[in-house]
Amino acid sequence: MEKDLIEHLSLSIWYEKQAWTHYPLEADERRALHGKPIEYLYLKASDYKEGEINIISACLGMGKTHSFKHNLEGTTCLITPRKTIAEQFIEDSTIDFVYYLTDDLTDFRKNKELREAENLAIVNLSTWRLTGAHKTKGYDNAIFDEYALSLSQLVGTKHKPFDNEDAISSIMQLSKKVFCLGWLFRDFHFEYLELLGKPINFEKWHKDIAKNVELNIYPNEEQFFQDLNDVAKSQRILLFTDRKGDCKNIAENISEDSVYFNSDERIPPDLANAYADKNIQGMSHQVEIFNPIVSHGYNFRNETDRTAMLF
């Protein structure tokens with residue numbers, strides 16, 4: 001990757017860190033413990049020091065989040081940027097979490113119940129409920145899944161941004177072990193965490209992905225849609241855009257069968273599960289369009305070789 005591009009993307013610290021390619025356990029032990037090939041991680045919270053913030057970078061499919069669903073001891077606070085990520089985590093976890101919403105998912109649990117929970121799962125934009133007149137407590141483990149998105153969402157949000165940031169930073173400072181999970185961590189993520197005054201342990205795990213990719217860049221939307229409609233006659237396409245309102249406009253420019261999903265037209269849970277299952281074909285339309293509701297926590301494992309992006 002070119003140096004100028006790395007700097008423009010604010011990935012200097014992340015890029016310069018030497019990636020680890022092998023987890024330090026014997027192959028037979030790895031398979032017995034995890035039931036997956038050697039390229040999957042088996043991270044254990046007990047292996048990490050108290051008093052540190054652990055930034056763990058690994059791409060999709062390496063098992064970083066899966067590890068923390070099964071290897072936890074003591075009290076735990078799970079903070080995610082989206083409900084779907086939290087729900088999937090606690091559904092598979094071996095410890096019992098108090099979810100921040102009521103059982104019927106229609107209302108918030110009482111703030112007192114959230115503060116007193118030994119194991120709490122909550123989205124980042126509701127962490128302000130842990131503050132107020134009461135001091136935010138620490139946990140044995142504080143896990144921030146998809147951390148980069150959680151931090152980005154604090155910028156520009158209309159609802160209690162300072163209280164949410166105060167709660168998150170307090171949990172990080174007071175908890176014995178902090179884990180920030182994700183893949184790409186930009187320089188300002190490191191700079192923010194350094195301000196908390198705790199030692200930082202940065203791990204980057206590597207697995208070759210996206211091999212043999214052909215990239216086509218179009219000079220204008222007219223040529224983009226012309227090529228897209230031509231390809232869509234014989235091949236399904238996943239199309240991503242960065243603005244919610246563009247989904248409908250894009251659909252109007254597609255001549256083949258299409259459907260779009262955004263915060264108003266959400267992806268049904270069974271369809272999201274089908275996308276993530278490499279043994280199932282989830283797509284039912286020639287072109288399926290998504291805004292950033294699928295940027296973190298959604299996987300497309302066996303759908304199509306053709307992806308389009310319009311920004």
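Strands here are DSSP runs of E with at least two residues, and helices are runs of H or I with at least four, both numbered from the N terminus. The model is predicted: local features need pLDDT of at least 70, side-chain atom pairs count only at pLDDT 80 or more, and totals for chains, interfaces and linings use all residues. Residues are numbered from 1 along each chain as its sequence is written, and side-chain values use heavy atoms, without hydrogens and water.

Thr76 has a relative accessible area of 0%, so it counts as buried (under 20%; exposed is over 50%, partly exposed in between; 1.4 Å probe, protein chains only). I then listed its contacts (heavy atoms within 4.5 Å). Leaving out residues up to four places away in sequence, Thr76 touches Ile95, Phe97, Glu118, Asn119, Leu120, Tyr139, Asn141 and Ile143.

I searched the whole structure for disulfides (cysteine sulfur pairs within 2.5 Å) and got zero. Cys180 is in none; its nearest cysteine sulfur belongs to Cys77, 12 Å away. Cys180 is buried at 0% relative accessible area. Cys247 is buried too, at 0% relative accessibility.

Last, I took the overall numbers. I count 12 helices and 11 strands in the protein. Buried residues are 45% of the 311. The C-alpha trace spans about 55 × 45 × 40 Å along its principal axes. Of the contacts between residues at least 6 apart in sequence, 70% join residues at least 24 apart.
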